[in-house]
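Subject: Structure handover

Hi,

Here is the structure for you to look at. My notes on what turned up follow below.

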Amino acid sequence: MVDAVGMEHVEIRRLTTEERLTRSFPLQAYAFEASPATAARLDEFRDYLPYTEDGRTLVAEEGRTALATVTAIPMRQNVRGTVLPMAGVAAVATHPLARRQGHVRTLLTRLLGEMRDEGCVVSALYPFRPSFYARFGYAGLPKARTVGFSPAGLAPLVRADLPGDLRWQRIREGYPDQRALTERLLADRHGFAIFPASRAVWPRDTDERWSVTALVDGEVAGVFTYRISDHGGTLAGDDLLTTGPLGRTLLLQFLARHVDQVDRVTMRIAPDETPELWGVDFAVRVTADVHFPTSAAPMARLLSLDALRGLAAGPGRVVVELVDDPFLSGRHLLDGTDGRIELTGADPTAVPAATLTAAGLSALVYGVLDPVEVVLQGLGAVPDDAAAQLRTLFPRRLPHLYADF
């Protein structure tokens with residue numbers, strides 16, 4: 001690593017998978033992990049390389065010094081019932097002597113453009129600082145909740161006669177159930193997103209978790225993966241994934257049987273879950289801890305107006321003028337009269353009309369802000385008549401961005 005870096009002769013290029021080990025991973029490790037990285041950690045990076053082949057990593061270099069790097073993972077996301085190609089942005093890191101010189105801005109703009117050209121019409125990420133990514137058109141999404149409780153609080157479920165079955169195994173064997181369920185939830189849940197299969201198999205291959213599957217009429221209705229810290233310790237779970245109340249209750253019944261083994265159960269749940277209603281006299285702690293730079297809520301944006309074509313919508317009709325963004329611009333008529341959005345060039349006689357930034361439009365499409373809130377947050381100019389139409393076109397919805405990248 002050199003002692004100084006400058007702005008001259010900076011080259012941007014795409015890394016091969018093997019190059020990531022020496023060009024981008026060291027920057028990532030310095031930015032996001034304990035450092036310097038140990039030899040064992042470098043070996044772990046090498047072992048993980050095959051799972052990164054589907055990604056696109058760009059680097060800004062000066063000579064042989066990597067100044068900054070960004071990565072995009074081709075994913076899929078449900079937006080209002082339509083599954084769209086998504087660019088999951090990750091591993092944004094800069095050399096400590098090259099920070100605040102615009103390298104990430106240049107890299108990210110190019111990366112998003114390349115992913116858009118390859119068909120990704122939306123993008124999502126977990127920011128180190130939301131205000132930084134807001135300037136790139138990203139809007140905030142709700143964060144998954146973390147739940148903690150004693151299994152003793154689930155005691156009434158132990159003897160409940162529930163119509164269904166459970167399958168308990170190591171994640172290597174349980175992974176097909178998990179993948180099948182996430183594919184199903186991808187089709188059903190607004191905001192849900194999943195990795196490509198080539199990357200998603202990493203937990204299966206490392207095989208460091210237990211997996212319990214709830215089955216109803218022979219169909220997967222819930223999956224929960226976890227580890228146990230110690231006898232009398234914590235059963236630390238990942239995401240509680242279910243298709244509904246019965247699958248969830250079957251999994252909670254399984255956890256209730258650990259009352260004499262663990263003191264605490266933890267898990268992540270969707271933003272619309274209400275664990276305080278899972279039982280009577282059920283003591284539970286629900287948190288959404290948001291702080292920076294390590295625990296931000298996710299963000300997402302539209303990369304192309306093609307994301308809107310055919311999207312489920314209410315019967316609104318409005319002209320939007322999109323400003324201050326390299327990917328979304330111009331005046332467009334959004335028409336949801338037939339229950340699906342039709343997108344055309346703006347009709348000069350069409351009223352009402354609104355001016356929106358990319359973040360403003362994204363917040364409306366993802367259902368996280370009302371048009372009035374868009375104005376209050378400085379994301380557009382929306383007269384009352386246009387607000388009424390936008391509110392009808394894009395009713396408020398609570399997205400659940402499951403994928404943790």
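Asp324 sits in the loop between β17 (317-323) and β18 (330-335). Helices (H or I, at least four residues) and strands (E, at least two) are DSSP runs, numbered from the N terminus. This is a predicted model: local features need pLDDT of at least 70, side-chain atom pairs count only at pLDDT 80 or more, and totals for chains, interfaces and linings use all residues. Residues are numbered from 1 along each chain as its sequence is written, and side-chain values use heavy atoms, with hydrogens and water left out.

Most residues other than glycine have a negative phi, and most peptide bonds are trans. Asp324 has a positive phi, near 60°. Its relative accessibility is 72%, so Asp324 counts as exposed. The cut-offs are under 20% relative accessible area for buried, over 50% for exposed, and partly exposed in between (1.4 Å probe, protein chains only).

Ala91 is not a glycine either, yet its phi is positive at about 55°. Ala91 belongs to strand β4. It counts as buried because its relative accessibility is 17%.

Two cis peptide bonds are worth a look. One runs from Ser35 to Pro36, with omega near 0°. Pro36 is in the loop between α1 and α2. Another joins Phe292 and Pro293, with omega about 10°. Pro293 is in the loop between β15 (284-287) and β16 (299-302).

**Strands**

What flanks β10? Strand β8 (residues 165-170) pairs with β10 in the antiparallel sense over six bridges. Pairing requires that DSSP finds at least two bridges between two strands. Asp165 has Leu215 in β10 as its bridge partner. Strand β11 (residues 219-228) also pairs with β10, antiparallel, over seven bridges. There, Ser211 stands opposite Thr225 in β11. β10 and β11 form a hairpin with two residues between them, and Asp217 in the turn has a positive phi of about 55°. As for cover, six of the seven residues of β10 (residues 210-216) are buried.

**Helices**

In α1 (residues 25-32), Phe25, Leu27, Gln28 and Ala29 are buried. The buried residues of α1 pack against α2 (39-48), β3 (65-79) and β4 (82-94). Contact here means heavy atoms within 4.5 Å.

Gly113 is in helix α3 (residues 103-117). It counts as buried because its relative accessibility is 14%. Gly113 and Leu303 are 190 residues apart in sequence, but 8.2 Å apart in space, C-alpha to C-alpha.

In helix α9 (residues 358-365), eight of eight residues are buried. Just after α9, Gly367 has a positive phi of about 80°.

Best wishes
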